[in-house]
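Colleague: I would be grateful for a close look at one part of this model, namely the way its two chains meet. Please set that contact in the context of the features around it.

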Amino acid sequence: MFKIVRREEMAEGTVILNEIEAPLIAKKAKPGQFVILKADEDGERIPLTMAETDKDKGTITIIYMVVGKSTALFRDLKVGDSFQDVIGPLGKATHLEKRGKVICVGGGTGVAVLHPITRAMKEVGNEVVCIIGARTKDLLILEEQMKNASHDLRVCTDDGSYGHHGFVTDVMKEVLEEGDVKEVVAIGPVPMMKAVTNITKEYNVPTLVSLNPIMVDGTGMCGGCRVSVGGETKFACVDGPEFDGHKVDFDELMLRLNAYLEDEKKCHEEYCTIRDAQ
Amino acid sequence: MAEKSAKPVKNPRIAMPEQDPQVRARNFLEVPTGYTNKMAQEEAARCLQCKKPACVNGCPVGVDIPGFIDLISKGDITAAIRNLWSKNALPAVCGRVCPQEIQCEGLCILGKKGEPVAIGNLERYCADWERENGTGELPPKAASTGKKVAVVGSGPSGLTVAGDLIVKGHDVTIFEAFHKAGGVLVYGIPEFRLPKAIVAQEINFLERLGCKLECNAVVGRTVSVDELFEQGFDAVYIGVGAGLPRFMNIPGENLVGILSANEYLTRANLMKAYKFPDVDTPIPIGKNVVVLGAGNVAMDAARTAMRLGAESVKIVYRRSREEMPARAAEIHHAEEEGIDMFLLTNPTKYLGNEKGRLTGMVCLQMELGEPDDSGRRRPVPIEGSEFEMDCDLCIVAVGSGANPLLTSETPDMKLNKWGYVHTDEKTGKTTKKAVWAGGDIVTGAATVILAMGAGREAANSMHDYLNLGW
Ligand SMILES: Cc1cc2nc3c(=O)[nH]c(=O)nc-3n(C[C@H](O)[C@H](O)[C@H](O)COP(=O)(O)OP(=O)(O)OC[C@H]3O[C@@H](n4cnc5c(N)ncnc54)[C@H](O)[C@@H]3O)c2cc1C
Ligand SMILES: Cc1cc2nc3c(=O)[nH]c(=O)nc-3n(C[C@H](O)[C@H](O)[C@H](O)COP(=O)(O)OP(=O)(O)OC[C@H]3O[C@@H](n4cnc5c(N)ncnc54)[C@H](O)[C@@H]3O)c2cc1C
Ligand code: SF4
Ligand code: SF4
Ligand code: FES
């Protein structure tokens, strides 16, 4: 059993942070890696990136957006409750190198995934410009942490309620125009990552993205997580989750993410009805 | 052996009662329901108690077949099961899933003129009897040796090693990547063929014997083989199976609605998705389902799809019926349940709609040409024979390979060119000191009994090592 020792609600309760006891995983985890969690006996196996790990305390931290039944189930776990299963660390760690000026772009809960990578990018000696965005001010997460993890933080909101009015891509373009950018790391909703890579292609700047296909085992034995990268099929759980964004077929990924949409909706609605009735 | 009764045979074998095909094609209960005591007696009486029993040569672990059958005849099932256990740790499983028609029963002398003794059925009978009526008494355990053994993977091969070494007095811990132990027995083979309660009981038995079980431990990620030694383990057994799914590599394979059999069966069995939405893991329900391949895995996938409510399920296989690798009983059961066989048929591309969902596939008709390297006649396409097939769910069951997750993190363990672990044939020793391997990760996808046989030999060698040295 993997006990929750800390819990926070962010972005009006739509984004949840859990710090969980998992000493073996905490000891091994590197930026960019993820875990698979299962709440209870009949639960689904859900992949989430480790936003933070603490070797000394033996804990890992996940930050997730509540989107369906399983993440709703996770949200209802309290401090002291446990996840039945946590498996990891899975996936390849981020390839970290000192390159010079680097932009880290995050949207939505992608910011949580981006946080440890941004910090590591800075630690190896890069000059890190970080751009994060959300639909509106109240949905923005980890602003303070991202400020500390980078040299220069720029914030945007779609509705202009805070920071720059507009999309992260607009701000990114400005930074790219200033020149000298050696690499971009973009993590967020698929349409955002696609938009980012379309722009960085024009500027010829290598771009790393972290993909989130549907997964089951996370160890390369099911092939459910397959993505097309440069015309080749890759298993995101073992070959990724990070890939060269200029080669990823985002349209295919988007279609594959909707594979269970109808089923999941039904399952989630049922859960909400039952829970609300109690 | 398929229980056929086309023409009457003298001294026919006692067929095991089965659920009616029409009914069972839509439920997940076990298909054959087991012998009664009387049936078992009658079937046991058919055995000639050969002096030189050919059947034993067909069993990869050399079960004393006339011996245990004789004990059934004498009505001493307790002794019969102990006799079985001396060679085979999981008779309830093997009785159900061994390809008996090419192993023990394939060589039974009675099969020459009529029907062989139903060895598998009798084996299953003893194990089921013991489960229901036995004392559950544990075998005696040798005094503790103080040596620690790590078993990686909880499939039939790892379970055998764990069981053998714990009774020899070693301290055994099993590490399993999934959240539940049992390997293919829990994530692959469906409930209607191997009830999960049986596997759970075997695992419980090992735990009662004192084996420790660490689930959610992906060796190579959560902990490495070298770290296991650092933690004080004296020997390691690698039984991680051959779990890497193969795809066809034809256009359109990433459309929604195309799954590997591993994914499909894992959702259905391990995650119990056939109970969705009572459980949280969904599984795609196909209307017109195509399964590519003709092994046990393909039969399991096809029969699962039928049970989940498909209107039609087709097996598409590029060779002919003779080459189908599945157990005869599975093919027979599948056909009874209404699964269509499209033999000598090879898909060349998948068709999809604007939403990226599978709508059909293009296939070619094949004919048999000259024999290939495997000695089987090579299927060659018939020109101009292309045709389209409607389907909204396709399950790819064309084989599996070695998963590099553990082996790539264990560089001093030699692999062969396909990525399987290289071992000494007799002992299961790898090229890495104090590390053994066996089962599908050594042989490639094979059978439960071979994986168990390899486990037993490795366990003997490990025991020698722990007592005497490398
Ligand atoms: C390697 C990896 C790392 C991830 N890290 C994070 C993270 O740190 N924080 C976070 O909030 N989310 C992360 N995700 C996404 C997260 O796994 C999904 O949001 C979650 O599985 C949804 O489960 P659910 O049952 O609540 O929703 P469901 O009911 O399954 O789905 C609801 C909606 O989410 C979509 N969806 C389903 N599965 C996924 C998926 N795997 N990824 C994205 N959308 C999906 C569905 O199409 C549907 O629209 C990650 C995914 C992967 C593969
Ligand atoms: C659907 C299906 C049907 C089959 N039907 C039959 C049949 O009817 N008759 C028959 O004889 N054979 C059948 N087989 C084949 C048979 O099941 C296998 O040959 C046998 O299970 C191999 O046993 P194993 O112990 O080598 O590996 P497996 O049973 O594959 O077990 C390996 C275990 O190791 C775990 N593992 C993998 N990597 C790691 C890691 N890095 N760290 C920790 N754990 C890990 C896996 O999760 C798994 O639990 C079937 C196979 C399948 C898939
Ligand atoms: S273990 Fe398998 S091959 Fe051996 S006797 Fe039993 S059923 Fe036959
Ligand atoms: S060969 Fe057949 S008849 Fe002879 S001992 Fe074996 S099972 Fe009995
Ligand atoms: S999640 Fe199963 S192979 Fe990646």
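**Salt bridges, the chain contact and its surroundings**

Modeller: In this predicted model, Arg24(B) and Glu336(B) form a salt bridge in which the closest N and O atoms are 2.7 Å apart. The pair ties together distant parts of the chain, 312 residues apart: Arg24(B) belongs to helix H1 (residues 21-24) of chain B, and Glu336(B) to helix H16 (residues 328-336) of chain B. Over all chains, the count of salt bridges comes to 46.

Five salt bridges are found across the interface of chain A and chain B. A salt bridge also joins the side chains of Lys28(A) and Glu227(B), with an N to O distance of 2.7 Å.

As for the contact itself, chain A contributes 44 residues and chain B contributes 44 residues. The size of an interface is often expressed as the accessible area lost when the parts come together. Between chain A and chain B the buried area is about 3500 Å², and carbon and sulfur atoms give 53% of it. On the chain A side, the residues that lose the most area to chain B are Met221(A), Arg226(A) and Tyr260(A), which together account for 19% of what that side buries.

Helix H6 (residues 190-203) and helix H8 (residues 250-257) of chain A have axes that come within 10 Å and cross at roughly 180 degrees. Angles over 145 degrees count as roughly antiparallel, and H6(A) and H8(A) are therefore roughly antiparallel to each other. From H6(A), the residues Val190(A), Pro191(A), Met193(A), Lys194(A) and Thr197(A) take part in the contact, and they meet Phe250(A), Asp251(A), Leu253(A), Met254(A) and Leu257(A) of H8(A). Sorted by class, this helix contact comprises seven nonpolar residues, one polar residue and two charged residues.

The loop between H6 and strand E13 (207-210) of chain A contains Asn204(A). Asn204(A) is not a glycine, yet its phi is positive, at about 60 degrees.

Two cis peptide bonds may be described next. In chain A, such a bond joins Gly88(A) and Pro89(A), with omega about -5 degrees, and Pro89(A) lies in strand E7 (residues 85-90) of chain A. In chain B, a cis peptide bond joins Phe276(B) and Pro277(B), with omega about 5 degrees. Pro277(B) is placed in the loop between helix H14 (261-270) and strand E7 (288-292) of chain B.

How values were computed. Residues are numbered from 1 along each chain as its sequence is written. Chains are lettered from A and ligands numbered from 1 in the order in which they are written. This is a predicted model: local features need pLDDT of at least 70, side-chain atom pairs count only at pLDDT 80 or more; totals for chains, interfaces and linings use all residues. Side-chain values use heavy atoms; hydrogens and water are left out. Axes are lines fitted to C-alpha atoms, for helices over the stretch in contact, and angles run from 0 to 180 degrees between N-to-C directions. Helices (H or I, at least four residues) and strands (E, at least two) are DSSP runs, numbered from the N terminus. Angles under 35 degrees count as roughly parallel, over 145 as roughly antiparallel, 65 to 115 as roughly perpendicular and the rest as oblique. Contact means heavy atoms within 4.5 Å. Ala, Val, Leu, Ile, Met, Phe, Trp, Tyr, Cys and Pro count as nonpolar, Asp, Glu, Lys and Arg as charged, and the others, Gly among them, as polar. Buried area is the accessible area (1.4 Å probe) that two parts lose on being put together, summed over both. A salt bridge is a side-chain nitrogen of Lys or Arg within 4 Å of a carboxyl oxygen of Asp or Glu.
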